[in-house]
Amino acid sequence: MGIIYRQSLKGSIATFSGALVGFVVTFFVLTRFLSAEEIGLIRIITEAATLLVSFALLGTQTSLIRYYPFFRTKDGSDRGFAKIAFLIPLAGTILFGLLFLLFRDPIVSYFSGEDGDKPGGLLFRKYAVLVLPMMIFLTLITVEEVYASIHRRVAVPKLIREVVLRVLLGCCYVLFGLKVIGDFPGLMTYYVLSHGLCALIGFIYVLKLTPCAWTAGIVLPEKRVRKDFLTYSSLTLLSALGSNVATRLDLFMVSAGMGFDFGGIFAIMILMVAVIEMPGRALLSISGPMVSSLIHEDDRKGLSELYLSVSQQQLLIGSILFLLIWNNIDLVFRFIPNGAVYSQGKWVFLLLGIGKLIDLSFSFGNSIIRYSKHYVWSLAYTFLVTILSIWLNSLLIPRLGMEGAATATVLTFVLTYTFQQIVLWTKMRLSPLHTDLIVLFAVTLLGLAFEHYVLGRYFSELTVRDILLKNVLFVLLLTALLWRVRPFQVLIFKTKEYLSRL
């Protein structure tokens with residue numbers, strides 16, 4: 001499993017660098033120069049475009065990884081696989097771009113009301129058209145990441161998305177705040193163009209990554225494989241239609257039902273929670289293609305070891321980041337501009353953070369199901385996610401507001417991953433529920449309890465003394481609890497091993 005740690009560490013370095021840039025940009029630049037309503041608009045435009053991307057890919061985000069072994073050649077030409085990887089999403093982009101234009105009016109009305117009478121409605125009506133170019137650029141960036149990950153190169157794509165893009169966006173916000181970009185329409189234009197520049201840089205990288213593959217002619221595999229590819233991609237697309245709607249439904253429904261200002265607060269909490277999963281993104285990028293290879297080779301033992309390793313490392317790193325942020329949550333709101341506004345989302349962050357830890361622990365199982373012969377079950381899983389998400393959000397948001405949306409997310413994760421684990425165990429005898437994973441959950445709960453009942457009670461003042469003592473004691477507790485836990489020891493050993501080779 002050494003390649004997992006080496007590649008994920010490289011990707012994690014880029015991701016953590018991006019996290020640092022993103023933290024500064026999000027909490028000290030974005031909240032300083034933009035209102036909550038404007039932030040909500042930007043997130044809705046971006047998430048709507050991202051949702052369309054999941055459709056435009058036509059299921060290739062997983063089918064390319066699954067079927068690459070059928071194209072792979074020793075000389076690197078890969079039977080024209082590179083061309084296929086980009087031509088199929090291009091067709092999907094054209095198709096769903098046209099569908100978006102066709103259904104633009106009802107989509108706009110959902111968020112803005114018939115006459116733009118919802119809070120922030122007129123703003124969305126004005127900028128909804130930007131969803132289309134954002135979809136094009138994000139589709140390119142996604143395909144480039146998938147293609148690079150197939151060749152087990154994740155660091156540069158991560159650097160582009162996590163660092164370069166964030167730096168560009170940060171510059172846009174600063175220039176807007178300094179009035180160099182004179183108005184909000186100008187900011188939105190530069191926001192979109194920043195994504196376009198990153199897409200261009202990524203495309204240049206993949207061209208140089210496998211130069212032979214771009215000149216080779218397309219040689220399709222045998223008819224049986226082609227038929228299976230189409231079936232698998234179709235099922236993946238259907239899964240995307242449900243799962244990607246469900247995962248963004250909370251933000252969409254909060255924005256549409258409560259206004260874009262509350263949507264902005266909810267979006268900031270989502271961005272805070274995103275820090276927790278950033279290291280896991282690099283880990284999943286390199287592990288996904290390995291799942292495909294292990295299933296192709298029928299290596300059940302290797303697959304089980306990979307599943308345990310990925311789940312434990314994701315939960316370990318995610319828990320540490322989550323607990324450190326939660327221990328300093330009041331300090332974060334104290335220092336960010338307009339912190340009193342965004343502090344309304346404190347309990348949203350807690351709930352979404354707990355949900356994200358559950359997701360980090362079990363989400364890799366979805367990749368295993370998708371790449372296996374049991375991939376049809378991923379469609380059933382998606383339908384369950386969609387139904388539960390719609391029902392729970394519709395039930396809880398009117399009663400509990402933003403906290404209701406966050407609670408719906410947690411409950412959806414619990415119920416759907418229970419279903420997923422039943423499928424994985426009955427069909428493949430695979431499960432990440434090892435003693436080490438349970439111990440990590442226990443450590444997380446102990447950390448939350450210690451912060452609430454001890455540190456929160458005796459070090460509640462935001463003075464330098466209390467902040468230092470609170471964090472020192474918390475780090476010492478986490479270190480003591482994790483020191484003898486095997487995933488923590490493995491992480492330290494592998495990190496030292498890799499750094500010693502630099």
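How do the residues lining the second largest cavity divide into nonpolar, polar and charged? The model is predicted, so local features need pLDDT of at least 70 and side-chain atom pairs pLDDT 80 or more, while totals for chains, interfaces and linings use all residues. Residues are numbered from 1 along each chain as its sequence is written, and side-chain values use heavy atoms, without hydrogens and water.

The lining holds six nonpolar, one polar and two charged residues. Ala, Val, Leu, Ile, Met, Phe, Trp, Tyr, Cys and Pro count as nonpolar; Asp, Glu, Lys and Arg are charged; the others, Gly among them, are polar. The cavity count comes to five of 30 Å³ or more. A cavity is a set of points on a 1 Å grid, over the protein atoms alone, where a 1.4 Å probe fits but cannot get out; lining residues have an atom within 4 Å of a point. Volume is the space filled by probe spheres set on the points. For the second largest cavity this is about 60 Å³. Its lining consists of Ile-141, Glu-144, Glu-145, Ala-148, Pro-157, Ile-160, Gly-202, Tyr-205 and Val-206. Helices H7 (131-150), H8 and H9 each supply at least two of the lining residues. H7 gives the most, with four. Helices are DSSP runs (H or I, at least four residues), numbered from the N terminus.

Helix H8 (residues 155-177) packs on helix H9 (residues 184-209) at an angle of about 160°, with the axes 10 Å apart. Axes are lines fitted to C-alpha atoms over the stretch in contact, and angles run from 0 to 180 degrees between N-to-C directions. H8 is therefore roughly antiparallel to H9 (over 145 degrees; under 35 is roughly parallel). The crossing of H8 and H9 is right-handed, meaning that the near helix is turned clockwise from the far one by less than a right angle; anticlockwise is left-handed. Contact means heavy atoms within 4.5 Å. Residues of H8 that meet H9 include Pro-157, Ile-160 and Phe-176. On the H9 side, Gly-202 and Tyr-205 are among the partners. The contact of H8 with H9 has 18 nonpolar, three polar and no charged residues.

H7 and H9 pack at about 30°, with axes 9 Å apart. The two helices are therefore roughly parallel. Their crossing is left-handed. H7 contributes residues including Ile-141, Glu-144 and Ala-148, and H9 residues including Gly-202, Tyr-205 and Val-206. The contact of H7 with H9 divides into 16 nonpolar, three polar and one charged.

Two loop residues have positive phi without being glycine. Leu-58 has phi near 55° and lies in the loop between helix H2 (36-56) and helix H3 (60-67). Asn-338 has phi of about 60°. Asn-338 lies in the loop between helix H14 (329-335) and helix H15 (339-342).

Key:
Angles under 35 degrees count as roughly parallel, over 145 as roughly antiparallel, 65 to 115 as roughly perpendicular and the rest as oblique. On a 1 Å grid over the protein atoms alone, a cavity is a set of points where a 1.4 Å probe fits but cannot get out, and a pocket is an open set with protein on both sides within 12 Å along at least five of seven lines; lining residues have an atom within 4 Å of a point.
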